[in-house]
Amino acid sequence: MLGLDADRLRADLNRLLAFLFHQGILDEQYLQLQQLQDESSPNFVSEVVNIYFHESEKLLRNLRSSLMDREFSDYDKMGIHLNQFIGSSSSIGAKRVRNVCVAFRAASDQYNRAGCLRALELLEHEYCILKNKLHELFQIEQQRLLAAGVRYPMLN
Amino acid sequence: MGLKLQQSYHHSVTVKVNEQMGTKRGYTFIQANRAWLPKFLLLWVMVMAFLSTWIYKKMDADNKVRRKEVLSSMCDQRARMLQDQFSVSVNHVHALAILVSTFHYYKDPSAIDQETFAEYTARTAFERPLLSGVAYAERVVYSEREKFERQHGWTIKTMKREPSPIRDEYAPVIFSQETVSYIESLDMMSGEEDRENILRARATGKAVLTSPFRLLGSHHLGVVLTFPVYKSKLPPSLTEQERIEATAGYLGGAFDVESLVENLLGQLAGNQAILVNVYDITNSSDHLIMYGHQNQDGDLALLHESKLDFGDPFRKHQMICRYHQKAPTSWTALTTAFLFFVICLLVGYILYGAAIHIVKVEDDFHEMEELKVRAEAADVAKSQFLATVSHEIRTPMNGILGMLALLLDTDLSSTQRDYAQTAQVCGKALITLINEVLDRAKIEAGKLELETVPFDLRSILDDVLSLFSEKSRNKGVELAVFVSDKVPEMVMGDPGRFRQIITNLVGNSVKFTERGHIFVKVHLAENPKPTEDPKAETCLNGGSDEDALVSGARQFKTLSGYEAADERNSWDSFKHLVADEELRYDSSVKMKAADEASQSVTLMVSVEDTGIGIPLIAQDRVFMPFMQADSSTSRNYGGTGIGLSITKCLVELMGGHISFISRPQVGSTFSFTTVFGRCKRASFSDTKKPNAEDLPSGFRGLKAVVVDGKPVRAAVTRYHLKRLGILVEFANSVKIAASACGKNGSSCGSKTQPDMVLVEKDSWLSGEDGGLSLRTLDRQQNGHVFKSPKMILLATNITNAELEKAKAAGFADTTIMKPLRASMVAACLQQVLGTGKKRQPGRGMLNGSSVLGSLLCGKKILVVDDNMVNRRVAAGALKKFGAAVECAESGKAALKLLQLPHSFDACFMDIQMPEMDGFEATRRIRMMESQANEQMNGVTEEGSIRTGEWHIPILAMTADVIHATYDECLKCGMDGYVSKPFEEENLYLAVAKFFKTKPISDS
């Protein structure tokens, strides 16, 4: 029973991953990240992703607060934030977030405030999608591990 | 957003239009002076009017001069004649005077009396045509009057026929011509003019003339000529008085000037034209008229005067001639001038008209140009609009598709699933279309830029083929690719776009082909090889001609045996290509040298199918967007017809051109050329590793026999095998293969024993004795202990029954499904050739990471990155390879950690960091190191410099791998760079560069 469940979960996981890849939400880098996870660091991916969420939320807050400010002019600082965002996003393979960030940076390079605001909204939207999807992914992963963990003793 | 974008775009378009107008409008001379044109015309007309007037005047003046000359010559002529006639008459009168003096006075008694004189003068009158008559008057002084009167018997009378009063002397006429006999006995001294004449004549001794007066009798104007007659011959030097004394009488004659001149003029031509007047101008203030009417009208403007000399020095005469009529208006001059004017007027008008026309045409031209610019701008705007809009559509479409995918993942009833799937298929079709439109628009807007990266052409072709393998297999269409060996392994270009082109063409072919084959062939475009090696031909072909005849009545030497539109891919020409390659191995060094010489390589790619072909009428619009052969095409086969136009654009962007040959119901062959750059050696070796990963090298040196009746297909099979390093021989049928094996087995031993035999399904089925000979083949091989060749069946599609049959026939090993791909073939062969070989690629992979592990194992590495996530990932990646990782979150922290002496073996440095970026941090680290090195060298002279030097390898981590960045990395002292995010191969490459030497020096 449980073993079957694990297989189903694995299929679900794969389907979700395929979907994320197809939608361009994630790219190969995520797989690279997964490959780095082994027995020595079993929670590597979730650890990194959690750091990512933490950092990103901070960055998003900063971006929003600085853009909400009426007499806002510090585009350089925003560029630094965005560079960070781009770097971390590409590290975990969040392709779409990264692309939006690139567009955002382009807008900020041109001091295009309207463009920045639009990009920020889009970014928040994308980020939200990413976060939900990754949470979903981790949930399934955890279930799978649980299921697999249950199964192994039975087999042994 | 869209609206605003459009607005701003519209603005930019108008600006552009204006700019173009400003720069393009060049004015010609005529255009610049268009306002002046009517004035020019007017000026021209005026100038011409003036000119023609001048011409008229000139001609008229010429006429006048000529008229004047005519007049003067006529006048002079008349005057001369008159003068001549006059002097002739005068001479004759002179002769008469001498006659009288001779015969009247010198003879005694006188020999002349009235009768004689009258008769003589009458008979000589023709000599004096101008004289109405002559008479002789004797000088009688008063004292002799009575005696004289007595002697003659009449009294002397005055002119008024009265008896003469008493005078000092008289001059009565004694002899007279009959015509003037009425003056006999008249005293000539009584007439005023006659008296003066007589006195003057006897004083001068010459002929004298009176002023004109009305003659007696005729009442014509006339003059009287008087000659003195002396009594004796006079010596020339006599005083006046003596002459008077010696005077005996006077001979006189009357000139009837009027009739005289009348006669004279009557004889001359042009008499009517001119009017002649003769004047006595002795008294210069009062001209006396001798001939002509005083107040006759005539052309008063023009007259000519001629002097007349009648032999009397005292009297002066002149002749005045003028024309009767005024000078006639000169019609020639007038018409000439007028015609000239008219012609010039016309010429002027023509020029004016031409200028006006030019102006109009130029105006039109400018207008057209403006319209053209606008149209072009509109076209660009359209493309940009399309690009924008399709981009905008794509985003929500992705959402729709994603949601549909999610929906399909949920629990749905079958109907719902069907609906959702339909929606997803439609959505996918729509997004493909949008992508195509976007591509097209991008190309039209000139936005599409091609990459130049090294890529492996062959693997791309394999990928494309694998995309379509499912479809083609279902249809039973044979799909094959062949790349000439001369095509370099790696080329520089845009792999994505190349793939797109191939996918488009092959996709089309798959769509329209129901039987036969689709064949993609790539070779060098510069392939003019007329030399064919007959030996190679026979060698390769064997008895293929017979075979072709045997296997079917209408069998073509193409891949599948179906007829193809373009003959170029049939075996006849294809074998040259293959033969070429054979030759190439012989002279590979030479060829390689030639290959290296040129920077670019032009490839000729052709995609041949045996589909329905393109109708002839549609062939010329195949490359036009949204055009399909006819509307039924899209009904039957779907598609938008934009693919080929994009393909064409892409091919042209790549510096090539595309063409096709198609025959309806036979097939189409699309061929295009494209220019790629050659890979340089250095980058070649760099990039070779990640790209050529999929072809294991474990088959190198193996031998295979391909059994295939169709040489083209055999060549394709060989191409794939050759890529795996397998040596290939051909056999036309199983029988030949079997015999060849047998021969090899017996004569040459195991050395040339093939490792595998690949048999094409067709040749296996067509050979009647297929099974039998296979068995023999098997048996023979069984004779050899160590190795039996593996039997492999090649098939496009195969039914279960056939499969069973094949297994029974001896193809126990495996069946390779077409289309062939090197990687797939490799996988199958691995499976066939057993476990020993299977392990090989896996081991290779293990080797890669274990090498990296050994390189990094135990190394202490510092990762500097401000981004926590990146830091974590980098650390994770490095830890995986056994390195001990420490992190620093800024350049400053890194500097602190790297204070000498430290124990780090390497440092990965992010470039973009706030406060202090990677470049700056590296510079400082290097500065620190060089200081330390100097100090150390100063202190420890004997210490080995090489081991003692501080130089920590610093690798840049950067997201953009532009060359410029790389250069800058090197400039500030970094040793290399790793592109972010980390990838195993990249990391390996970067690390290997310096750790390879470093451990040696360390250990």
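**Figure 1. Residues 744-751 of chain B, a stretch of pLDDT under 50 in a predicted model.** Where pLDDT is low, the predicted coordinates should not be read in detail. Chains are lettered from A and ligands numbered from 1 in the order in which they are written, and residues are numbered from 1 along each chain as its sequence is written. In this predicted model, local features need pLDDT of at least 70, side-chain atom pairs count only at pLDDT 80 or more, and totals for chains, interfaces and linings use all residues, while side-chain values use heavy atoms, with hydrogens and water left out.

**Figure 2. Confidence across chain B.** The mean pLDDT of chain B is 74. Of its residues, 73% reach 70 or more. Residues 527-554 of chain B have pLDDT below 50. Beyond near neighbours in sequence, that stretch has 24 contacts in the model.

**Figure 3. Two annotated spans of chain B.** An unreviewed UniProt entry carries the annotation "transmembrane region" for residues 36-56 and 331-352 of chain B. UniProt positions are given in the numbering used here, feature names are shortened, and annotations may be inferred rather than shown by experiment. Residues 36-56 of chain B are 95% helix and 0% strand. Helices (H or I, at least four residues) and strands (E, at least two) are DSSP runs, numbered from the N terminus. The end C-alpha atoms of residues 36-56 lie 30 Å apart. Residues 331-352 of chain B are 100% helix and 0% strand. Their end C-alpha atoms lie 31 Å apart.

**Figure 4. Confidence within chain A.** Chain A averages a pLDDT of 81, and 90% of the residues score at least 70. Confidence is lowest in α1(A), at a mean of 77. It is highest in helix α5 (residues 95-109) of chain A, at 87. Over residues 151-156 of chain A, pLDDT stays under 50. The model has 1 contact for that stretch beyond four places in sequence.

**Figure 5. The interface of chain A and chain B.** Here 25 residues of chain A are in contact with 23 residues of chain B. About 2,300 Å² is buried between the chains (accessible area, 1.4 Å probe, that two parts lose on being put together, summed over both), and carbon and sulfur atoms give 59% of it. The predictor gives the complex an ipTM of 0.79 and a pTM of 0.42.

**Figure 6. The salt bridge between A:E47 and B:R872.** A salt bridge is a side-chain nitrogen of Lys or Arg within 4 Å of a carboxyl oxygen of Asp or Glu. Across the interface of chain A and chain B, the rule finds 1. B:R872 meets A:E47, with the closest N and O atoms 2.6 Å apart. A:E47 lies in helix α3 of chain A and B:R872 in helix α27 (residues 868-880) of chain B, so the pair joins two chains.

Technical notes:
Contact = heavy atoms within 4.5 Å. pLDDT = per-residue confidence, 0-100.
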